[in-house]
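Please read the briefing below alongside the sequence and the model. It takes up the overall fold first, then backbone angles, then charged side-chain pairs.

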Amino acid sequence: MLVKPLVRFYSLLIGTLLLVECLATAGRHSSIFKSIRSTDDECDRYSNERNGNCSVRCRGLLLRFWDDQRGKLGFYALKQFYQPDPEDKCYLNRTMRCLKRVSVPDESCQKVAQYVRCYKDQYGEENTAIARFIPFTPMQQTRILMECAAILGISEDSLREAAKSGGEIPQEACLLRCFLIRQGLYSEAGGFELERLELQCGGYGSGWNPVAVQQCIANVTDCDSCTKVQRMAKNCLQVHFKVLPNPNTSDDKLIPVLVEFYGNVINDITLLLGEFLDRQEEVILDVPYISEGLIEYTLKLVVPGLYSASLVG
């Protein structure tokens with residue numbers, strides 16, 4: 001009879017698929033990957049407005065390219081779903097001009113829909129099927145920090161004291177290593193996931209040089225695994241990692257501290273401007289809606305090759 005061979009075959013097939021799935025997700029930990037298509041399907045379960053303006057807002061909230069509270073568009077979180085034509089030298093400038101022209105009442109559904117339309121029409125081809133890394137929110141990162149502290153046996157009181165005094169974080173190197181691993185930003189086998197880290201930190205622009213970063217990382221040797229990760233993160237990637245007091249004392253028991261984590265965003269703004277300067281074209285003044293992690297910038301280009309940048313938030 002063929003029944004037993006078929007059972008063995010399907011058992012083997014299922015086992016193989018499960019193994020592939022485990023291997024594919026082994027380095028992800030708490031990280032999440034979503035596509036536009038899957039996110040729209042998810043939003044459709046929450047709302048009755050399929051393909052409406054508010055469905056685009058829902059997509060933005062779940063993919064982290066729209067911040068409802070601040071009314072800001074996350075440049076790096078959104079652009080990863082669009083592929084510019086290699087021959088198109090003006091796509092970025094056209095997109096920024098389109099964003100600047102968006103003028104709607106303070107109603108986020110319509111506003112975010114028009115912002116996304118700018119990317120779809122001006123930036124590049126929209127890929128609705130590919131799943132991309134979704135940046136963590138500060139609250140999610142705080143939860144991961146506390147999970148890592150518990151794993152390492154770091155007490156909440158010691159974290160509170162470090163946050164209050166601004167002093168050294170207990171087991172800081174190992175805490176940072178766990179924090180990065182749990183976000184899927186680092187693994188012992190594969191090292192740093194530079195694309196994910198760039199996105200989580202708000203992007204580094206066209207001047208981002210992974211080759212130079214990898215050379216710097218390769219030079220970090222002769223130390224334990226925790227210290228090694230800390231040195232690579234701070235010296236090669238300019239990562240900032242700090243615990244802060246929770247300003248809401250009523251939540252202190254539930255959320256003992258907050259975490260501050262970002263890349264070298266002040267230098268990143270110069271690198272982002274390189275995307276304009278390389279094209280030697282006139283660029284609009286006062287470009288808003290570019291979110292670099294937790295900081296928004298206004299870009300002011302005087303003439304091609306000369307610019308100034310000012311913080312506005």
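**Overall picture**

Of the 313 residues in the protein, 43% are buried, where buried means under 20% relative accessible area, exposed means over 50%, and partly exposed lies in between (1.4 Å probe, protein chains only). This is a predicted model, in which local features need pLDDT of at least 70 and side-chain atom pairs count only at pLDDT 80 or more, while totals for chains, interfaces and linings use all residues. Residues are numbered from 1 along each chain as its sequence is written, and side-chain values use heavy atoms, with hydrogens and water left out.

**Fold and surface**

- The secondary structure comprises 13 helices and 13 strands, taken as DSSP runs numbered from the N terminus, with helices (H or I) of at least four residues and strands (E) of at least two.
- Among contacts (heavy atoms within 4.5 Å) between residues at least 6 apart in sequence, 64% join residues at least 24 apart.
- The accessible surface comes to about 16,900 Å², with 53% of that area belonging to carbon and sulfur atoms; the areas come from the Shrake-Rupley method with a 1.4 Å probe, and for residues only the protein chains shown count as cover.

**Positive phi outside glycine**

- Asp222, although not a glycine, has a positive phi of about 55°; Asp222 is placed in the loop between helix H11 (210–218) and helix H12 (225–236), and is exposed, with a relative accessible area of 77%.
- Gln238, likewise not a glycine, has a positive phi of about 50°; Gln238 lies in the loop between H12 and strand E9 (240–245), and counts as partly exposed at 36% relative accessibility.

**Salt bridges**

- The structure holds 13 salt bridges, each defined as a side-chain nitrogen of Lys or Arg within 4 Å of a carboxyl oxygen of Asp or Glu.
- One of them joins the side chains of Glu42 and Lys34 at 3.1 Å, N to O; Glu42 is buried with a relative accessible area of 16%, and Lys34 is buried with a relative accessible area of 16%.
- Glu172 and Lys234 meet in a salt bridge at 2.8 Å, N to O, and because Glu172 lies in helix H9 (residues 172–182) and Lys234 in helix H12, the pair ties together parts that are 62 residues apart in sequence.
- Within this pair, Glu172 is buried, with a relative accessible area of 13%, whereas Lys234 is partly exposed, with a relative accessible area of 32%.
- Salt bridges that share partners join Asp40, Arg59, Lys120 and Glu126 into one network.
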